[in-house]
Amino acid sequence: MKTRITEMFGIEHPIIQGGMHYVGFAEMAAAVSNAGGLGIITALTQGTPEKLANEIARCKDMTDKPIGVNLTFLPTVNAPDYPGLVRTIIEGGVKIVETAGNNPAQVLPFFKDAGVKVIHKCTSVRHSLKAQSIGCDAVSVDGFECGGHPGEDDIPNMILLPRAADELEIPFVASGGQADARSLVASLAMGADGINMGTRFIATKEAPVHENVKKAIVAASELDTRLVMRPLRNTERVMTNDAVEELLEIEKQKGDDLKFEDIIEQVAGVYPRIMTEGDMDAGAWSCGMVAGLINDIPTCKELIDGIMADADKIIRQRLAGFIDA
């Protein structure tokens, strides 16, 4: 299948693995890229330029296919060495970067000069148009269903994707609610040039996370995510657990007086305990509603091959069958 995204990134299938904290290691990215998609290393999980350089090198030892790096720009007091991380990505020979969070305008000239393609994660049409205007090569349009940060507009992909298609000139991929061939074909029909999958890729054999995490996703239904930090306008969709329900109770009690410090125990620094140690009640961790569509733990190749084969059947048989000869 050829789309503007496969052509731009030099990949076989229009499937991107989103950048995920404590999931986007070399093993994950290489497995997805080797299966014909685009695997992505998460820079902030590594934290320092030195560690990121090592992770990029490890990944390149595992695959000769294109890989990307996710670089998320967070408003924080103790900011990571962003200039160093940008240099490391360029010097490591990575040609695709997924930016997220704050506006990436300040780093775009460096990436452009090095021939790096930039795809920016957006949760609205207006942010997508801004990304296009500052020179991003593509955008990932994240609907309200997505795990992690869905923005504050609450627009689901059945509306957001066609709106993006109406307005954008650059290619975009659909993110949020993407799990199978139905997701891919529907997203293509609504104007996207591919899909970005996060939660679905955590539930794969190669995902370098604790088995408890994978089992939790398989066991979950579409009703098992919660929205936290809404009062702080930093909304995050997470898998429910004891810590999350406690967090929601604190938010309810504090009301308009809520401060980040009130919930820091449930949200700060919990990812290693969850993803590495498998402590599923340690705190809030990003998970999409798409968990309700995930019922197995395949290899990345099995997953991607299955999606592409089933997409072909849907397009050639089911959809074509609706049209009179």
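**Figure 1. Polar contacts across the interface of domain 1 and domain 2.** Seven residue pairs, both members at pLDDT 80 or more, are in polar contact across this interface. A polar contact is a pair of N or O atoms within 3.5 Å; within protein, one must be able to donate a hydrogen and the other to accept it, and residues adjacent in sequence count only if both atoms are side-chain atoms. On the side of domain 1 that touches domain 2, the classes are five nonpolar, five polar and three charged residues. Here Ala, Val, Leu, Ile, Met, Phe, Trp, Tyr, Cys and Pro are nonpolar, Asp, Glu, Lys and Arg are charged, and the others, Gly among them, are polar. The model is predicted: local features need pLDDT of at least 70, side-chain atom pairs count only at pLDDT 80 or more, and totals for chains, interfaces and linings use all residues. Residues are numbered from 1 along each chain as its sequence is written, and side-chain values use heavy atoms, leaving out hydrogens and water.

**Figure 2. Salt bridges between the domains.** Two salt bridges link domain 1 and domain 2 (side-chain nitrogen of Lys or Arg within 4 Å of a carboxyl oxygen of Asp or Glu). Asp-154 and Arg-230 form a salt bridge through their side chains, at 2.7 Å from N to O.

Figure 3. Domain 1 spans 2-208 and domain 2 spans 220-285, with bounds from an automatic or database domain assignment. Their C-alpha centres are 24 Å apart. In contact (heavy atoms within 4.5 Å) are 13 residues of domain 1 and twelve of domain 2. The two domains bury about 1,100 Å² between them, 54% of it on carbon and sulfur atoms. Tyr-22, His-149 and Glu-152 supply 47% of the area that domain 1 buries against domain 2, more than any other three residues. Buried area is the accessible area (1.4 Å probe) that two parts lose on being put together, summed over both.

**Figure 4. Cysteines without a disulfide.** The disulfide count is zero (cysteine sulfur pairs within 2.5 Å). For Cys-136, the nearest cysteine sulfur is that of Cys-122, 7.1 Å away. Cys-136 is buried at 3% relative accessible area. Buried means under 20% relative accessible area, exposed over 50%, partly exposed in between (1.4 Å probe, protein chains only). Cys-300 is buried too, at 0%.
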